[in-house]
Amino acid sequence: MYGSLDNHYSLGNTPFSSLSDLQILESSFERLGVSDPNARQQQLLDHRQSNQYPFVGRDRGMNVRDYHNPSYYMHPTEREQLDQAAQRLLFSQDNHYDVYKSYDNGSHGRSNSGLTGPPPYIGFNGDLGEFPLTSRNHNLCDQSPWSFSHVPGIRSNRHDPYTMDNSRAKDTILSRAKDAVESAKLQKVIVEGSRDTVHKIFDELKTHVCELMIDPVGHQVFQKIIEKCTNEQTTQILDIVIQQPIQFVRICGDTHGTRAIQDLMRSLCSEEQISRFMQTICHVALLLTKSTNTNHVISFCFRHFSPLQTHCLLQVIVQNCYQIALDQHGCCMLQQCIGKSPREIRDPLISGILTNSLSLCINRYGNYAVQYVLEMENCQVAASLLQYLDGHYVQLSCDKFGSHVVQKCLETRQFNSRRIINELISDIDSILIDRFGNYVIQTAWVVSQDDMRSKLLYHINKNYPLMRSNMYGKKILEKLSLWI
């Protein structure tokens, strides 16, 4: 099956006879059934790509350890010679001799590059299961039954992501941090590991924090490591995160990234760190109001930091209150900030909404901001809003979104419903048959007192023929049980 080992191994100048040692190994392999003298010789399979020996077709995929140990049938002298030859061959690299193992295309059509290095070795007893093979894929090394990392006294060539003794540790830790199973192990190391271990992991992951923060699994590693960071390390992460404002916005807009940003905000302790973070927030504040996830970052700023620290952000939002309220997510953000923030933050936001209330009332999203302010049942707020809306109730009643605000004003106890109804009666003929105004008249009928209801009934009877022939007028008649 397999070709002579002389074709696959080339040794440098050695003080011993390599040919005789290789012949000993080859003859031993023949006993294992690896070589078939009657068949055409084939080349060795690269065990760095497979952890199984392909014997014959029916046995391919069967692990070598399932076979009986052939050394049991060897003569003691033969077994000792085989052991000595294998030791000299495998320890040649440690004695400054170059050993190169080359492969051509194997029976499975693969082509593998050469392997250089001293494989670890213990006494070879004739069982191929004890033959140490070095894996080129270090990420899969632990999963291979050929790995000798579990054998006491054996120096493994695999990359340890926690000792940082190699150049690929950075990639290994990053890949482990993003793997569901390995991430849990890495988090445990961060939580229970020594300070030096945590610092080494931090040094290798800090340049990838933006990638970790938005990763479905990696953001959990970021959360653990940020809790262990020193003040200096937190500053390093902050510098990386806010270095590119657009990237910062993308992280805030991600489902996992917005939580990671909030974890970072919790770790900020110095005034300098908070000031630098708030400067970035203020710079991209309008962009952060455009989605639900980014809204959480702004709301968290107002809840977590003091009014003095968020004063700059508050000014930006108040100055752009109208533009923010016109957006679906921005309108929700304003309501959250008003409802959960202290008075120092709430009052300026309410003032910004009231100033633009007339324009917001006729907007599909802005009208909700005005209604939310009305639901606070604050007499001062109601009095201020009345000044902005007075004289515009008829116009608002005939608008799809403005009609909702007028209905809310009629239902609010802080508003003088009598004043609103008197203004509606001034142009009630058009409102009675309007597709949106008819709902305002129905609400006015419900909240009105006897004298005001009589006025409404008078105008309804006056316009009865017109209302009866109009689909929207019919709704009022049916509501008031005046349909005949």
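The structure is a predicted model, in which local features need pLDDT of at least 70 and side-chain atom pairs count only at pLDDT 80 or more, while totals for chains, interfaces and linings use all residues. Residues are numbered from 1 along each chain as its sequence is written, and side-chain values use heavy atoms, with hydrogens and water left out.

**Whole protein.** Begin with everything displayed. The protein has 28 helices and three strands (DSSP runs numbered from the N terminus: H or I of at least four residues for helices, E of at least two for strands). Of its 484 residues, 45% are buried (under 20% relative accessible area with a 1.4 Å probe, protein chains only; exposed is over 50%, and partly exposed lies in between).

For 315-351, the figures are 86% helix, 0% strand and 12 Å between the end C-alpha atoms.

**Nonpolar core.** Next, select Phe248, Ile261, Phe277 and Leu313, the residues with the most contacts inside the largest nonpolar core, which has 99 residues (buried Ala, Val, Leu, Ile, Met, Phe, Trp, Tyr and Cys joined through side-chain atoms within 4.5 Å). Centre on Ile261: neighbours within four places in sequence aside, Ile261 is in contact with Met213, Val241, Phe248, Ile251, Cys252, Phe277 and Val297 (contact means heavy atoms within 4.5 Å).

**Helix α13.** Val297 is also one of the buried residues of α13, which include Asn293, Ile298, Phe300 and Phe302. Select residues 292-304 to see the helix whole: at 1.5 Å a residue, its 13 residues should span 18 Å, and the end C-alpha atoms are 18 Å apart, which agrees (the expected span is 1.5 Å times one less than the number of residues).

**Cysteines.** Which cysteine sulfur is closest to that of Cys282? It belongs to Cys312, at 3.1 Å, too far for a bond, because a disulfide requires cysteine sulfur atoms within 2.5 Å. Cys282 counts as buried, at 13% relative accessibility. Finally, select Cys409, buried at 0% relative accessibility; the closest cysteine sulfur, in Cys361, is 7.0 Å from its own, again too far for a bond. The structure holds zero disulfides.
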